Amino acid sequence: MAPLPKARLRFTFKPLAQTAVDFAGPLYTIQGHRKPRQKRWLCLFTCLETRAVHLEMAWGLDTDTFLNAFTRFTSRHGVPKEVISDRGTNFVGAVGELKKVVSQLDRQQLLNKTAELGVTWRFNPPGAPHFGGVHEVLVKAAKKAIYAVVGDRDVTDEELITVSTGVESLLNSRPLTYQSSDPRDDVPLTPNHFLHGQMRGQFAPESVDTTTFHP
């Protein structure tokens, strides 16, 4: 296995400072009686250090729609220093329509708009999906969780957003360290500890250092 890229090893005090982004979908929502279903897309942002996840629902795959999703992301978590994504044809797996449409994203517009915020945007080499393993594995986990909740039910846009937010919380509650079966052991470290200082409703301890200090 090759060494990890430098972006995975940079230490920062803010989660999501180095971020990878990917799309998944389509997901279908109902719009009302006798109205056609609409396609929605999952936009996943993940921190390259803390492995925290932020999920956004995108109403389309054009550049402006993605920039709107990116703006919602930065409004909640701040502007990242560096963003990594796949190029068009391998932006996400084997979904033909997604590959075709995302390949039409205006990369120059992305670079220009994000450069104004001081963001360095990097694209993985074309035809190299193995470069995107850091976000592909989380895209797979997010889709599996969403389908487990939604199944074959008809859902509205509001319900799908609610489900995706719950899935985001679930992914950010996953342990990053060894999880013991002994309930007396310390709580394992999760992405939510970096984001909120707690794992779901349970607050993280003020200190994990058990060393006794002797002046």
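Which residues is Ile146 in contact with, leaving aside its neighbours within four places in sequence? I looked this up and found Leu27, Leu42, Gly151, Leu160, Val163 and Val167. Contact here means heavy atoms within 4.5 Å.

**Ground rules**

I am working from a predicted model, where local features need pLDDT of at least 70, side-chain atom pairs count only at pLDDT 80 or more, and totals for chains, interfaces and linings use all residues. Residues are numbered from 1 along each chain as its sequence is written, and side-chain values use heavy atoms, with hydrogens and water left out.

**Overall layout**

I listed the secondary structure of the protein chain and got 6 helices and 7 strands. Helices (H or I, at least four residues) and strands (E, at least two) are DSSP runs, numbered from the N terminus. From that end the order reads β-β-β-α-β-α-α-β-α-α-α-β-β. The protein chain has 215 residues, and 42% of them count as buried. Buried means under 20% relative accessible area, exposed means over 50%, and partly exposed is in between (1.4 Å probe, protein chains only).

I also looked at the sequence range of the contacts. Among those between residues at least 6 apart in sequence, 60% join residues at least 24 apart. The protein chain exposes about 12,800 Å², with 55% supplied by carbon and sulfur atoms. Accessible areas come from the Shrake-Rupley method with a 1.4 Å probe; for residues, only the protein chains shown count as cover.

**Nonpolar cores**

I went to the largest nonpolar core next. It has 18 residues. A core of this kind is a set of buried Ala, Val, Leu, Ile, Met, Phe, Trp, Tyr and Cys residues joined through side-chain atoms within 4.5 Å. Leu42, Leu44, Leu55, Ala142, Ile146 and Val167 have the most contacts inside it. Strand S1 (18–29), S2, S3, helix H4 (133–150) and H5 each give two or more residues to this core. H4 provides the largest share, 6 residues. A second, separate core has 17 residues, including Leu16, Val21, Trp41 and Phe45.

**Strand S3**

Is strand S3 enclosed or open? All 6 of its 6 residues (53–58) are buried, so S3 is largely enclosed by the rest of the structure. I checked both faces. Val53, Leu55 and Met57 are buried on one side, and His54, Glu56 and Ala58 are buried on the other.

S3 pairs with strand S2 (residues 38–47) in the antiparallel sense, over 6 bridges. Two strands pair if DSSP finds at least two bridges between them.

**Salt bridges**

How many salt bridges does the structure hold? I found 4. The test is a side-chain nitrogen of Lys or Arg within 4 Å of a carboxyl oxygen of Asp or Glu.

Arg37 and Asp154 meet through their side chains at 2.8 Å, N to O. Arg37 is in the loop between S1 and S2 and Asp154 in the loop between H4 and H5, so this pair ties together parts 117 residues apart in sequence. Arg37 is partly exposed at 46% relative accessibility. Asp154 is also partly exposed, at 44%.

Arg40 forms a salt bridge with Asp157, with the closest N and O atoms 3.0 Å apart. The pair links strand S2, which holds Arg40, to helix H5, which holds Asp157, and the two are 117 residues apart. Arg40 is buried at 7% relative accessible area. Asp157 counts as buried at 16%.

Arg76 and Glu56 meet at 2.7 Å, N to O. Arg76 lies in helix H1 (residues 63–77) and Glu56 in strand S3, so the pair ties together parts 20 residues apart in sequence. Arg76 counts as exposed at 56%, whereas Glu56 counts as buried at 6%. Shared partners join Glu56, Arg72 and Arg76 into one salt-bridge network.

**Surface patch**

Leu176, Leu189 and Phe194 make a nonpolar patch of about 230 Å². Patch residues have over 30% relative accessible area and no salt bridge; like charges are joined within 9 Å, and nonpolar side chains (Val, Leu, Ile, Met, Phe, Trp, Tyr) within 5 Å. Leu176 sits in the loop between helix H5 (157–171) and helix H6 (191–196). Leu176 is partly exposed, at 34%.
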